[in-house]
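Subject: Structure handover

Hello,

Here is the structure I promised to pass on. Please open it next to this message. My notes follow below it.

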Amino acid sequence: SVRFMPKENGIHSIHIKFDSIHIPGSPFRLRIGEDNADPAAVSASGGGLEKAKTGQKMDFIIDTCSAGAGTLAVTIDGPSKVSMDCTEVEEGYKVRYTPLVPGDYYIAMKYNACHIAGSPVKVKCVGDSIGEKGTVQESSSVVVETVE
């Protein structure tokens, strides 16, 4: 048997290995404490939610400061995949993406599996195509476990 005594609330990952190899399902994710995260307290703003240009890095901020610990998921669907990253900043999280093909992109932002206010957002991208257009709607995602 194994005993786990967490010292703080939040999402914990438990890695169980046999002969240095993860057993099936490991690492296991475990939420400790009350789920007091409030998706209604999350907001998003920034130029990357208004317009985009092919080949240019676009960004926006998702303010999670008043929401409590939870899971932030951002998905961008459009005519091509986008390069995308998410970094922690003072105001919450900065999402940066670079579209490669002009067209309409849809940015879905969820906190603990619930859309935040205004999500999804339709962003029109203009400019010359610098990548291959997908034959179907392409999707790019990032998921972050936020802290209080």
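Predicted model: local features only at pLDDT ≥ 70, side-chain atom pairs only at ≥ 80, totals over all residues.

Backbone points

Asp19 is also worth a look for its backbone. Its phi is near 55 degrees, which is a positive value in a residue other than glycine. Asp19 sits in the loop between strand S2 (17–18) and S3.

Asn112 is another such case. Phi of Asn112 is near 50 degrees, again positive in a residue other than glycine. Asn112 also lies in a loop, the one between strand S11 (103–111) and S12.

One runs from Ser26 to Pro27, with omega near 0 degrees. Pro27 belongs to the loop between strand S3 (21–22) and strand S4 (28–32). Another cis bond joins Ser119 and Pro120, where omega is about 0 degrees. Pro120 is in the loop between strand S12 (114–115) and strand S13 (121–126).

Overall make-up

The protein has 14 strands and 0 helices. Along the sequence, the pattern is therefore β-β-β-β-β-β-β-β-β-β-β-β-β-β.

Of the 148 residues in the protein, 35% are buried. The accessible surface comes to about 9,100 Å². Carbon and sulfur atoms account for 51% of that surface.

How far along the chain do the contacts reach? Take the contacts between residues at least 6 apart in sequence: 65% of them join residues at least 24 apart.

An open sheet of 4 strands is present, in the order S5-S7-S10-S9. The pairing in this sheet is antiparallel. Its edge strands are strand S5 (43–45) and strand S9 (83–89), and each of these pairs on one side only. From one strand to the next, the twist averages 20 degrees.

Strands of a sheet pair through backbone hydrogen bonds, either parallel or antiparallel. Inside this sheet, strand S7 (residues 58–63) pairs with strand S10 (residues 92–98) in the antiparallel sense, over 5 bridges. For a specific pair to display, take Met58: its bridge partner in S10 is Tyr97.

The end of the chain

Where is Val147? It lies in the segment after strand S14 (138–145). Val147 has 54% relative accessibility, and so it counts as exposed. Leaving aside neighbours within four places in sequence, Val147 still contacts Ala69, Glu88 and Tyr93.

The C-alpha atoms of Val147 and Ala67 are separated by 9.4 Å. Along the chain, Val147 and Ala67 are 80 residues apart.

Best wishes

Definitions and conventions: Residues numbered from 1 in each chain as written. Heavy atoms only, no water. Helix = DSSP H or I, 4+ residues; strand = E, 2+ residues; numbered from the N terminus. Buried < 20%, exposed > 50% of the residue type's maximum accessible area, 1.4 Å probe, protein only. Contact = heavy atoms within 4.5 Å. Areas by Shrake-Rupley, 256 points an atom, 1.4 Å probe, with all protein chains shown as cover. Pairing = 2+ DSSP bridges. Axes fitted to C-alpha atoms, helices over the stretch in contact; angles between N-to-C directions.
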